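Hello,

I am handing over the structure we spoke about. Please open it first, then read the notes below beside it.

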Amino acid sequence: DLLSDPALPQRLGTADVDHLLRLLGREETVSERGEAIVRVLALTGREETPPLLLEFLSTHPSARTAEMFSLVLASAGDEQVLAALARKALEDATPTVRAEAVRALGRLRDEGAREELEALAATSGELRIAAVEALGLLGGKQSLSAIMSAYANEDAAVRLAAVRAFA
């Protein structure tokens with residue numbers, strides 16, 4: 001199994017990465033082969049691959065898009081690059097990808113995203129829970145108002161997110 005080989009990233013040369021990217025570009029859906037290629041490319045640690053992989057995932061949504069998105073984000077070593085990728089993913093058409101991008105901004109403790117996260121936490125949309133959780137990760141007194149509003153919400157899932165944000 002290629003993915004269990006710890007030396008794989010070092011053994012892949014530029015030509016190998018280019019070949020895998022071309023193979024991925026031919027995929028019409030995220031098949032098992034496409035998932036495997038995304039996983040291998042994410043392991044390479046090359047800074048040019050995460051944006052390409054995220055572009056592929058956003059144009060080829062599947063049941064596992066959010067999981068694959070998380071894997072790609074985790075592979076981007078530079079936090080500034082990672083935050084930029086997460087912000088770009090907020091525009092993705094797939095709700096699960098947008099939710100994972102919101103959570104990633106919280107995990108990164110990206111202060112530049114606070115205003116947008118607070119706005120999302122105040123909406124009734126599908127990103128509200130993820131935004132409340134992300135604000136909890138950001139922490140600080142600035143997050144308190146949005147989290148308290150979520151705690152007072154009728155929706156039990158939103159209240160639970162507020163409780164997790166306080167934890």
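**Arg107**

Arg107 is partly exposed, because its relative accessible area is 44%, which lies between the 20% limit for buried and the 50% limit for exposed. Please keep in mind throughout that this is a predicted model. Arg107 sits in helix H7, which covers residues 95-107. What does Arg107 touch, if residues up to four places away in sequence are left out? Glu100 and Leu137. Ala83 lies 24 residues from Arg107 along the chain. The C-alpha atoms of Arg107 and Ala83 are 9.9 Å apart.

**The chain as a whole**

The protein chain has eleven helices and zero strands. Its pattern along the sequence reads α-α-α-α-α-α-α-α-α-α-α. The C-alpha trace spans about 55 × 30 × 25 Å along its principal axes. The chain has 167 residues, and 44% of them count as buried. Take the contacts between residues at least 6 apart in sequence: 54% of these join residues at least 24 apart.

**H8 and what covers it**

Helix H8 runs over residues 114-121. Which of its residues are buried? They are Arg114, Leu117, Leu120 and Ala121. These residues cover an arc of only 125° around the axis, so they are on the same side of H8. H7, the helix that holds Arg107, is among the elements that cover them. H9 and H10 are also included in that cover.

**H9 against H11**

Next, look at helix H9 (residues 128-138) and helix H11 (residues 156-166). Their axes are 8 Å apart, and the packing angle is about 15°. Angles under 35 degrees count as roughly parallel, and H9 and H11 are therefore roughly parallel to each other. Their crossing is right-handed.

Which residues meet here? H9 brings Arg128, Ile129, Val132, Glu133 and Gly136. H11 brings Ala157, Val158, Ala161, Ala162, Arg164 and Ala165. Sorted by class, this contact holds seven nonpolar residues, one polar and three charged.

**The buried face of H11**

Stay with H11. Its buried residues are Val158, Ala161, Ala162 and Ala165. Where do they fall, seen down the axis of H11? They lie within an arc of 100°, so they line one face of the helix. The buried residues of H11 pack against H9 and against helix H10 (141-151).

**H3 against H4**

Now go back towards the start of the chain. Helix H3 spans residues 32-43, and helix H4 spans residues 49-59. The two axes come within 9 Å and cross at roughly 160°. Angles over 145 degrees count as roughly antiparallel, so H3 is roughly antiparallel to H4. H3 passes H4 in a left-handed crossing.

On the H3 side, the contact residues are Val38, Leu41 and Ala42. On the H4 side, they are Thr49, Leu53 and Phe56. Five of the residues in this contact are nonpolar, one is polar and none is charged.

**Where to look**

Start at Arg107 with Glu100 and Leu137. Then look down the axis of H11, where the buried residues line one face. Finish with H3 and H4, where the crossing is left-handed.

Best wishes

Technical notes. Residues are numbered from 1 along each chain as its sequence is written. This is a predicted model: local features need pLDDT of at least 70, side-chain atom pairs count only at pLDDT 80 or more; totals for chains, interfaces and linings use all residues. Side-chain values use heavy atoms; hydrogens and water are left out. Axes are lines fitted to C-alpha atoms, for helices over the stretch in contact, and angles run from 0 to 180 degrees between N-to-C directions. Helices (H or I, at least four residues) and strands (E, at least two) are DSSP runs, numbered from the N terminus. Angles under 35 degrees count as roughly parallel, over 145 as roughly antiparallel, 65 to 115 as roughly perpendicular and the rest as oblique. A crossing is left-handed if the near helix is turned anticlockwise from the far one by less than a right angle, and right-handed if clockwise. Contact means heavy atoms within 4.5 Å. Ala, Val, Leu, Ile, Met, Phe, Trp, Tyr, Cys and Pro count as nonpolar, Asp, Glu, Lys and Arg as charged, and the others, Gly among them, as polar. Buried means under 20% relative accessible area, exposed over 50%, partly exposed in between (1.4 Å probe, protein chains only). The arc is that of the directions from the helix axis to the C-beta atoms.
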